[in-house]
2 protein chains.
Amino acid sequence: MNRKVSAITTEIFPSEMRTSLGRNLTYGMLDVIGRAIVIGEYDNVAFPTEAELARKHGVSRAVTREAVKMLTAKGLLSARPRQGTIVQPQSSWNLFDSDVLHWLLERKFSVELLRHFNQLRVAIEPEAAALAAIQATDAERTAIGAGLARMVAAEAGADNTLAADIAFHVAVLEGSRNPFYKQFRDMVASALATSIHFTNRIKGRTASIEDHRAVYDAILARDSDGARCAMRRLIGDVLVLIGEAEATAST
Amino acid sequence: MNRKVSAITTEIFPSEMRTSLGRNLTYGMLDVIGRAIVIGEYDNVAFPTEAELARKHGVSRAVTREAVKMLTAKGLLSARPRQGTIVQPQSSWNLFDSDVLHWLLERKFSVELLRHFNQLRVAIEPEAAALAAIQATDAERTAIGAGLARMVAAEAGADNTLAADIAFHVAVLEGSRNPFYKQFRDMVASALATSIHFTNRIKGRTASIEDHRAVYDAILARDSDGARCAMRRLIGDVLVLIGEAEATAST
DNA sequence: AAGTCAGATAGATATGATAATTGCGTAAAC
DNA sequence: GTTTACGCAATTATCATATCTATCTGACTT
């Protein structure tokens, strides 16, 4: 075995390997196995043993074990001697892990998942905006304004719409000065990236800038309740669209 | 090395080893290293190499690597050749991982952390109650009622107050029928366990039962807004207490 | 029927060797 | 003097193998 590891890695895990993960065999295995679990490949079949996994992917058992341990840490697997490695029920997966989130989103586009996303956002972001109105530093308020400015620029084609939208919402989360709210950064980014195609198809986003500006103005004015309501309206609108889509799809 | 592993494990990680983690050396290492990181033991010193960690704790490098990989999966560490293993900034820790959460809480009782906890709860739980009012199944409504009944029983000394409180709030989260909300189960349990000593010290919880009943009644009546408001009042009260405690502590 | 023990299975651990990566210092080149 | 090239060394990454430990199964015993 005198070939370069990177060559082997790219051979085993060709293109779909996420760049946010490392380039090691271990991370490659993590990605491959994690995605397979999320897809449901092992839903009705027994999960292979470590030895089988290692052999199937042509890597050592040490690498396999490290990948399995990482998936255990993320709540997807559990391992016991003699019983083997088993896939945990989805309720114990750590859905706020960005890897798990990515695997879930790559699996399939599901309006239901999008609704669950935005049902969470409608709880988190208005409250984050309310906190930001009270507690954000000047720098953080500036960042929120910069996000809004990017959205305006994107409207004129001078910036990326999605990136600008994400920047705004992330800035609000940062402004909450609460580490738990900041954790939702990846989640919101994923939700926006997923929903932008969806919402754009249904309804023009022209009104969106004004809605975002209302949030910004309230935060600047240190109007906590105003910020909460404005943000709630913003996300509530998306939620209504999703609800309508689900209703028409089921009839 | 012909001694039993369990003996070595209990020797290295005597009593403080959490039972939710496995009894293996790997999980013991995970717990010990994770706690040390959260405590801040490596804040201003270089993180040891794998070989040093293994030697210091008297385990093999394989075990050490698996523990490090799990901590990497939880966002606490990152490892690169030549650079070594380094502790990630707290912003990239996965705070919704129950291990990380436990380590954080064991570190020190911090009113600030408690406030951050409840600032999140005041976003999540009212919305969960609102969703539950609309979407919960009969069985889930029954579970919420059972939680309330346990609280009443606890009032009379026939049940554990904390366990009953947790059961009620978890039942509401389950009733939301949204997997993301269900993820907050551990978080809410930890928050309640941490805050019960705090709030009990300040103010009797006699009014609490009525507040909880208001939530339950609104959910039963399928009154979404009523459930949201009732739950918001419940947690908002705690938040006010925490704010007062912080204010008096700083003066 | 209940308890006990042997075998089999699969993860857990240890160990030693080798490969890959990359920060850093030094020398060469411009 | 500055930049580039190159090689050393440190550290993680990987592999291979052997042994240990936990636990299920089933046969055997009482």
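1. In this predicted model, B:Glu125 and B:Arg121 form a salt bridge, with their closest N and O atoms 2.5 Å apart. The two residues sit 4 residues apart in helix H6 of chain B, so about one helical turn separates them. B:Glu125 counts as buried because its relative accessibility is 1%, under the 20% cut-off. B:Arg121 is likewise buried, with a relative accessible area of 4%.

2. A salt bridge also joins A:Glu174 and A:Arg185, and here the closest N and O atoms are 3.4 Å apart. A:Glu174 belongs to helix H8 (residues 161-175) of chain A and A:Arg185 to helix H10 (residues 185-202) of chain A, so the pair ties together parts that are 11 residues apart in sequence. A:Glu174 is partly exposed, at a relative accessible area of 25%. A:Arg185 counts as partly exposed too, at 30% relative accessibility.

3. Over all chains, the count comes to 34 salt bridges. One of them is formed by the side chains of A:Lys69 and B:Glu66, at 4.0 Å from N to O. This pair crosses between chains, running from helix H4 (residues 61-73) of chain A, which holds A:Lys69, to helix H4 of chain B, which holds B:Glu66. Are these two residues buried or exposed? A:Lys69 counts as buried because its relative accessibility is 8%, and B:Glu66 is buried with a relative accessible area of 6%. Both residues belong to a network of salt bridges that links A:Glu50, A:Arg61, A:Arg65, A:Lys69 and B:Glu66.

4. The contact between the two chains takes 39 residues from chain B and 39 residues from chain A. The size of an interface is often given as the accessible area lost when the parts come together. Between chain B and chain A the buried area is about 3500 Å², and carbon and sulfur atoms give 58% of that area. There are 6 salt bridges between chain B and chain A, and 16 residue pairs are in polar contact, both residues being at pLDDT 80 or more.

5. On the side of chain B that touches chain A, the elements giving two or more residues include helix H2 (25-39), helix H4 (61-73) and helix H12 (224-250) of chain B. H6(B) gives the most to this side, with 12 residues. The residues of this side of chain B divide into 19 nonpolar, 9 polar and 11 charged.

6. Turning to the DNA, 23 residues surround DNA strand D, and the closest are A:Leu25, A:Thr26, A:Ser60, B:Arg65 and B:Arg82. Of the atoms of DNA strand D that come within 4 Å of the protein, sugar and phosphate account for 76%. A polar side-chain atom of A:Thr26 lies 2.6 Å from a phosphate oxygen of DNA strand D.

7. Which elements give two or more residues to the surface near DNA strand D? They are helix H2 (25-39) of chain A, together with H4, strand E1 (77-80) and strand E2 (84-87) of chain B. H4(B) gives the most, with 3 residues. The residues of the surface near DNA strand D divide into 7 nonpolar, 6 polar and 10 charged.

Note on methods: Residues are numbered from 1 along each chain as its sequence is written. Chains are lettered from A and ligands numbered from 1 in the order in which they are written. This is a predicted model: local features need pLDDT of at least 70, side-chain atom pairs count only at pLDDT 80 or more; totals for chains, interfaces and linings use all residues. Side-chain values use heavy atoms; hydrogens and water are left out. Contact means heavy atoms within 4.5 Å. Buried area is the accessible area (1.4 Å probe) that two parts lose on being put together, summed over both. A polar contact is a pair of N or O atoms within 3.5 Å; within protein, one must be able to donate a hydrogen and the other to accept it, and residues adjacent in sequence count only if both atoms are side-chain atoms. Ala, Val, Leu, Ile, Met, Phe, Trp, Tyr, Cys and Pro count as nonpolar, Asp, Glu, Lys and Arg as charged, and the others, Gly among them, as polar. A residue is near a molecule or strand if one of its heavy atoms lies within 4 Å of it. Buried means under 20% relative accessible area, exposed over 50%, partly exposed in between (1.4 Å probe, protein chains only).
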